[in-house]
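Here's a quick tour of a protein model for anyone who is new to reading structures. Have a look at the picture before you dig into the points below.

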Amino acid sequence: MSGLLLNSVRQSLKIPQGKNNIAFLGVLPSCGYKHWNPKFKWLRRMKVIKMDIPNLREDPKKMTPDEIKSRMREKGILPPRPWMERPFYISSTGGVFEPYVPPEGDGKMSAITKDGAKQKFEFLEKKSKSMMALRKIRNFEEDFDPPVFCEEAQKIYPQVHELMVTKDKYKIRQLVTERAYPEVMHNIHGKTIHWKFLKSLDYPRVVHARCTDMITKDNIFAQVTVRFHTQQILAIYDRFGRLMHGSEILAKDVLEYVVFERHMSHEYGTWRIHEKIVPDWMPPKEPGPITYRVDDTPPEPPAEEELSQTEATDAVVVADSTQSSSGKLATA
């Protein structure tokens, strides 16, 4: 506080001049009365943070590569890479590895006949690889049992078809892999589907199992093929309500081989439908009739003014044609 201010305060309060009387105002002088304790010196030192202010006048274009490296080392910056790396997550494979080859005539031949016994024998020969794959699956899922898994697959199979009828694209993603999802949505686009599951003609069974790794040895995918022999009703209508395939009255026996896949290395991976195997010996399906809308409404008759204008233009055209033909005859 300046001396003039102190004198004005003294005169207003009528305080006698003196060194000790200044404390009466609650004001201490700048020297002689400051409390100085050395033990708080480190606290006062921590109030100040020293910072290295960057030199904004440095132009990186004019610096040498060695100078740029030294600056980056000082700041702890890693050098840039010439390529771009983006993380990606592989949740399913792109196809079926070692697909199951269904025997010809399956579902029609009995095991008593010669051809049926031959099928059983070939199935036992190919069973060794499937047993090795099942053993590998049990390394990740200890309680895996083919009959129990078939019960779970029999719940997923009709549930996916019911979601295709309702076109619930969000719930379908939980039961279908990313490889099968585009095909499913393409098949139900612009169609009305009536589907009904009647009964199972035979118990579903696991006929094929394979495991493979992707990118690394620890990233393992498992595929299990399940045989379904069921009785269903299917009718597909196009966008105009015309029947394209099947019937809502006629029931048919359907034999399908459905591939289920699971990302075994994923802790929360689930079994989902990956693909349906169509054997080569099966006859090709007839394509559905493609329908389109035809405009059958007749054209409106022109108005009277338009008729008069068209008659006048026709008369002008006839006159021009007669003049040109007469000119040609005169020159001839």
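Helices (H or I, at least four residues) and strands (E, at least two) are DSSP runs, numbered from the N terminus. With that in hand, you can read this predicted model as a protein with 9 helices and 5 strands. Let's start with the overall picture and then zoom in on some residues.

**The overall picture**

- Starting at the N terminus, the elements come in the order α-α-α-α-α-α-α-α-β-β-β-β-β-α.
- The protein has 332 residues, and 25% of them count as buried.
- Take the contacts with a separation of 6 or more: 64% of them come from residues 24 or more positions apart.

**Patches on the surface**

- F40, W42, L43 and M46 make up a nonpolar surface patch, and together they have about 420 Å² of accessible area.
- F40, one of that group, sits in the loop between α1 (3-13) and α2 (41-46).
- Is F40 buried or partly exposed? Its relative accessible area is 39%, so F40 counts as partly exposed.
- There's a positive surface patch too, formed by K41, R44, R45 and K47.
- K41, a member of the positive patch, belongs to helix α2.
- K41 counts as exposed because its relative accessibility is 53%, and the cut-off for exposed is over 50%.

**Salt bridges**

- R210 counts as buried, at 10% relative accessibility, whereas E98 counts as partly exposed, at 45%.
- Another salt bridge links E178 and R272, whose closest N and O atoms are 3.2 Å apart.
- E178 lies in the loop between α7 (169-175) and α8 (181-188) and R272 in strand β5 (residues 272-277), so here the parts being tied together are 94 residues apart in sequence.
- E178 is partly exposed, with a relative accessible area of 42%, but R272 is buried, with a value of 12%.
- R205 and D202 also form a salt bridge, and their closest N and O atoms are 3.7 Å apart.
- R205 is partly exposed, with a relative accessible area of 31%, and D202 counts as partly exposed at 31% relative accessibility.
- Salt bridges can share partners as well, and that is how R179, E183 and E275 are joined into one network.

**A proline to look at**

- Where is P103 found? Look for P103 in the loop between α3 and α4.
- P103 has a relative accessible area of 18%, so P103 is buried; the cut-off for buried is under 20%.
- P103 and P279 are 176 residues apart along the chain, yet their C-alpha atoms are separated by 8.3 Å.

Definitions and conventions: Residues numbered from 1 in each chain as written. Predicted model: local features only at pLDDT ≥ 70, side-chain atom pairs only at ≥ 80, totals over all residues. Heavy atoms only, no water. Patch = residues over 30% accessible without salt bridge, like charges linked within 9 Å, V, L, I, M, F, W, Y side chains within 5 Å. Areas by Shrake-Rupley, 256 points an atom, 1.4 Å probe, with all protein chains shown as cover. Salt bridge = Lys/Arg side-chain N within 4 Å of Asp/Glu carboxyl O. Buried < 20%, exposed > 50% of the residue type's maximum accessible area, 1.4 Å probe, protein only. Lys, Arg positive; Asp, Glu negative; His and termini not counted. Charge placed at Lys NZ, Arg CZ, Asp CG, Glu CD. Contact = heavy atoms within 4.5 Å.
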